[in-house]
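Hello,

Here is the structure for you to look over. My notes follow it.

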Amino acid sequence: MSIVIKGGTVVAADRSYEADVLIEGERIAAIGPYLSGDTVLDAAGTCVMPGGIDPHTHLEMPFMGTTTAETWESGTFAALSGGTTMVVDFVIPEGDDLIGALDAWEARAKRQASSDYSFHMCITGWSEATFDAMELVVARGVNSFKHFMAYKGALMVDDDQMFASFQRCAALGALPLVHAENGDIVAALQQKFLAEGIRGPEAHAYSRPPEVEGEAVNRAIMIADAAGVPVYIVHVSCEQAHEAIRRARQKGMRVYGEPLAQHLALDEGEYAHPDWDHAAQRVMSPPFRDKLHQDSLWAGLSSGSLQVVATDHCAFTTAQKRMGLTDFTKIPNGTGGLEDRLPVLWTKGVETGRLTPNEFVAVTSTNIARILNIYPKKGAIAPGADADIVVLDPKAGKTIRASAQKSAIDYNVFEGVEVRGLPRFTLSRGEVVYSAGGNATPRPGRGRFVSRPAFPAANRALSTWKALVAPRAVERDPAHMPIGV
Ligand code: URP
Ligand code: ZN
Ligand code: ZN
Ligand code: ZN
């Protein structure tokens, strides 16, 4: 059985052109004019793009005394219905049992996922067992490790632990990821606001100012440079963080930055909302910022100093958020968005002229596929690539409503936002898994793990350069040594 997507404009990261796309089995077989197949999908008036890849999700993650309400079943189905065909989720180990945690994440995902998926491993401490396990993790197809510089007393790691782990990443051909906020200062500011009696969700934002993020990004970049490894900064929310990334890239460092759809579209005014639930539902780290920061993030995406738009989908119900009713530090941190990322970015980015359609594809799919070493299997419309495709209708629109969403939670941070650029069809490895007006249902068990091999030695330019210019002992002739040594 073959499928042909007919009459659309293929929109890739590098160019747009009119062509049909022929799919045989799970892969793209041909691209060109006048193709025919067993099933024809009408793509007239649409953009035929690589399916979205959301490289930052937390499905069924135990965190802050509870577990995210979005399951692998609801989350991956929500993703597909919004044009995202792959998610990369964070595995959080207890202590140094990295493999046990990976097994647990894999079991949940395998049983429930409708879309393809992959993992990042979190490094939440440092020991010989962690050092050893990292190699096994890479052998299991996980080539990225996340480090939290925040969440003191829980997930946070110190600079020396991070440096050790980054060096290990360099040796293994893996990519370190960083949640960059100065956790010591955040913890101190939280106590200060509690002591002053400011206990509502607004204090979450007060305790995590942009400077706290900017400092940590600079520190993470310095540590990566010392270890001779590229670094990827997750959820970049402000100019201070972006500025550090921009400056490092200008100096030749391989530093990647990932803003979120939420930070691009929503601002700190949300925390001043008179309704406690409304404000608490938007508590995430880093918090939403003053609107000025949004201009910086958009500029980074169009100029290339920021490469990827994710969601950090970490969805708690209103009831879970109320764990922090009398103390903002107990509000579980996280917001949803994976279902809305593409339409929100299309509307706020492409329709406003801040992104071209090609830049849209780059930041929602192609760039991250390259960064994570799965290109062109994912992130490309090309013969041989997995047929993960979103047929996006730029004219189709809706008003975002929690009541109509696939996500399992009871609200949506984009409630009431009018968007355009909705999927007409979403295909995952050659299967139509969502069609507008159809009645798609979750397909637990059809999603597959995407193995991401380590970066080969030949690609590790940074480590090679570091080795070439490493400090060396000066060899001295004994004749030039003081007598008696
Ligand atoms: O508030 C957030 N971002 N929650 C998810 C965990 C993380 O920091 O990525
Ligand atoms: Zn984080
Ligand atoms: Zn409200
Ligand atoms: Zn996250």
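First, a convention for helix pairs: axes are lines fitted to C-alpha atoms, for helices over the stretch in contact, and angles run from 0 to 180 degrees between N-to-C directions. Helices (H or I, at least four residues) and strands (E, at least two) are DSSP runs, numbered from the N terminus.

This is a predicted model: local features need pLDDT of at least 70, side-chain atom pairs count only at pLDDT 80 or more, and totals for chains, interfaces and linings use all residues. Residues are numbered from 1 along each chain as its sequence is written, while chains are lettered from A and ligands numbered from 1 in the order in which they are written.

**Helix pairs**

Take α4 (residues 159-172) and α7 (residues 210-227). Their axes come within 9 Å and cross at roughly 45 degrees. That makes α4 oblique to α7 (under 35 degrees counts as roughly parallel, over 145 as roughly antiparallel, 65 to 115 as roughly perpendicular, the rest as oblique). From α4, the contact uses D159, M162, F163, F166, Q167 and A170; from α7, R219, I223, A224, A226 and A227. Contact here puts C-beta atoms, placed from the backbone, within 7 Å. By class, the α4 and α7 contact has 8 nonpolar, 1 polar and 2 charged residues. Ala, Val, Leu, Ile, Met, Phe, Trp, Tyr, Cys and Pro count as nonpolar, Asp, Glu, Lys and Arg as charged, and the others, Gly among them, as polar.

Next, α13 (residues 341-350) and α14 (residues 357-371). Their axes come within 11 Å and cross at roughly 140 degrees. So α13 is oblique to α14. This crossing of α13 and α14 is also right-handed. L342, L345, W346, G349 and V350 of α13 meet P357, F360 and T364 of α14. That contact of α13 with α14 holds 6 nonpolar, 2 polar and no charged residues.

**Ligand 1**

H58, H179, H235, M284, S285, D312, C314, N333 and G334 surround ligand 1 (C-beta atom, placed from the backbone, within 6 Å). The shell around ligand 1 splits into 2 nonpolar, 6 polar and 1 charged residues.

**Backbone**

Most residues other than glycine have a negative phi, and most peptide bonds are trans. Please check these spots.

- S285 to P286 is a cis peptide bond, omega near -10 degrees. P286 sits in the loop between α10 (276-281) and α11 (291-303).
- Y375 and P376 are joined by a cis peptide bond, with omega about 5 degrees. P376 is in the loop between α14 and β17 (389-399).
- Y34 is not glycine, yet its phi is positive, near 55 degrees. Y34 lies in the loop between β5 (27-32) and β6 (39-42).

Best wishes

How values were computed: A crossing is left-handed if the near helix is turned anticlockwise from the far one by less than a right angle, and right-handed if clockwise. Two residues are in contact if their C-beta atoms, placed from the backbone, lie within 7 Å.
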